[in-house]
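Open your viewer and get ready to select residues. We will go stop by stop.

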Amino acid sequence: MSENLDKSNVNEAGKSKSNDSEEGLEDAVEGADEALQKAIKSDSSSPQRVQRPHSSPPRFVTVEELLETARGVTNMALAHEIVVNGDFQIKPVELPENSLKKRVKEIVHKAFWDCLSAQLSEDPPAYDHAIKLVGEIKETLLSFLLPGHTRLRNQITEVLDLDLIKQEAENGALDISKLAEFIIGMMGTLCAPARDEEVKKLKDIKEIVPLFREIFSVLDLMKVDMANFAISSIRPHLMQQSVEYERKKFQEILERQPNSLDFVTQWLEEASEDLMTQKYKHALPVEGTAAGSGDMPRLSPVAVQNYAYLKLLKWDHLQRPFPETVLMDQSRFHELQLQLEQLTILGAVLLVTFSMAAPGISSQADFAEKLKMIVKILLTDMHLPSFHLKDVLTTIGEKVCLEVSSCLSLCGSSPFTMDKETVLKGQIQAVASPDDPIRRIMESRILTFLETYLASGHQKPLPTVPGGLSPVQRELEEVAIKFARLVNYNKMVFCPYYDAILSKILVRS
């Protein structure tokens with residue numbers, strides 16, 4: 001099966017698109033947003049640009065249409081991120097050090113606070129700027145309140161009455177420190193527990209200008225906290241509507257960019273072709289075909305879709321454009337792909353180790369778990385550019401042989417001979433090659449397990465783990481559950497498009 005998943009008829013894609021969204025959301029959805037927007041605009045200067053199949057004649061689009069499409073992409077990506085990513089949070093904007101934007105911001109802010117300081121230093125003090133700041137603080141505090149916070153709302157409205165404050169300022173009776181004390185107390189009442197320390201520090205600041213500056217800084221953090229609270233509150237409700245919302249937004253994009261399903265079509269066509277090969281027919285009988293029959297197999301849309309999703313776990317992300325309908329989850333599929341590659345190596349090392357060691361050593365849970373953790377730790381940085389798998393496997397071989405010898409000695413079993421050590425080290429080093437038989441077996445069994453789980457409708461308990469994968473069963477099941485969740489949600493959103501495409505592909509098959 002893994003051979004079929006490696007099939008590729010597409011050259012390198014060169015596509016780029018940039019979009020400026022609101023700063024507070026940009027970092028949170030950057031990966032999904034940028035990936036989707038790459039589907040909007042092509043870079044014609046790329047010498048190895050993918051030849052996208054044309055489903056409709058090209059047409060000119062206006063800048064307004066592109067901007068409208070980009071806004072739709074951003075909104076869809078944000079809604080998708082909130083629903084799919086349970087850990088999604090808006091983060092405070094942190095501008096890069098020495099960036100022009102940060103320098104401009106610092107200059108403007110310094111000028112503003114210097115102006116406020118100059119006004120308050122006048123005799124008598126001028127409170128025009130200070131009163132405007134109090135008004136902004138008042139609106140911010142009110143925005144934190146829920147409908148039932150009537151008492152707090154009345155307190156804020158009464159104490160921060162701007163008309164009254166202006167009269168006090170005109171009569172020289174304004175006590176700005178007393179207003180600041182009330183504001184800090186109200187912030188302490190409304191802030192999240194995580195902000196208690198920041199609010200407490202405000203009480204130690206005695207000078208008015210630095211105090212107001214820090215008050216606004218903490219209020220900005222409280223705004224982020226409130227936004228994240230709102231997101232966590234609406235997530236259950238958004239889950240119910242997100243499928244229709246994403247489908248509607250994608251349809252709007254498709255109407256403006258009719259070729260937005262070209263890579264999806266190519267992806268499904270490849271999956272269908274792979275399923276039709278003789279090797280796959282023998283490995284997994286296709287629905288509607290009796291074993292050994294000479295009739296042409298009939299492929300079901302579900303089988304093609306499931307196999308297409310498996311292909312995403314063997315994707316060449318540097319050379320191939322990702323299908324449009326899964327772009328927002330490209331980083332998640334890529335992360336699962338990396339986890340499975342590491343799991344394949346780990347499983348292969350453990351398999352050859354337990355095969356070479358004395359019978360029964362693998363049944364010792366403590367030893368098996370210890371050995372697995374050692375290998376996992378050594379493979380942690382497997383996907384970094386500086387990582388050299390062959391060198392690390394040499395180290396793993398040495399360490400595994402020491403652990404096996406120590407375990408056999410403690411158990412009173414026959415010692416691990418030098419000949420066996422040499423053979424085991426050689427087999428572990430051989431796993432570095434993608435063509436290593438043991439590695440290919442592990443890879444094939446992992447993909448078979450995932451396909452079986454998809455075909456089962458994600459029912460519990462999970463399918464039985466294929467032979468040789470027992471030592472990594474827990475890790476494999478965790479990956480399978482994540483994979484199935486991504487696939488299931490993507491199917492709910494885009495199944496109508498897949499069915500329409502497959503109805504044409506399967507008719508030609």
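Select residues 389–411 for H17 and 418–430 for H18. Their axes lie 9 Å apart, at an angle of about 140°. Axes are lines fitted to C-alpha atoms over the stretch in contact, and angles run from 0 to 180 degrees between N-to-C directions. Helices are DSSP runs (H or I, at least four residues), numbered from the N terminus.

This is a predicted model: local features need pLDDT of at least 70, side-chain atom pairs count only at pLDDT 80 or more, and totals for chains, interfaces and linings use all residues. Residues are numbered from 1 along each chain as its sequence is written, and side-chain values use heavy atoms, leaving out hydrogens and water.

Next, select residues 150–159 (H7) and 176–190 (H9). These axes come within 11 Å and cross at roughly 160°. That makes H7 roughly antiparallel to H9 (an angle over 145 degrees). Show Leu152, Gln155, Ile156 and Val159 of H7; they meet H9 residues including Phe182 and Met186 (contact means heavy atoms within 4.5 Å).

Now select Trp267 and Phe483. In the largest nonpolar core, of 89 residues, these two touch the most other members. Such a core is a set of buried Ala, Val, Leu, Ile, Met, Phe, Trp, Tyr and Cys residues joined through side-chain atoms within 4.5 Å; buried means under 20% relative accessible area (1.4 Å probe, protein chains only). Helix H20, residues 473–508, gives the largest share, 15 residues.

Methods: Buried means under 20% relative accessible area, exposed over 50%, partly exposed in between (1.4 Å probe, protein chains only). Helices (H or I, at least four residues) and strands (E, at least two) are DSSP runs, numbered from the N terminus. Angles under 35 degrees count as roughly parallel, over 145 as roughly antiparallel, 65 to 115 as roughly perpendicular and the rest as oblique.
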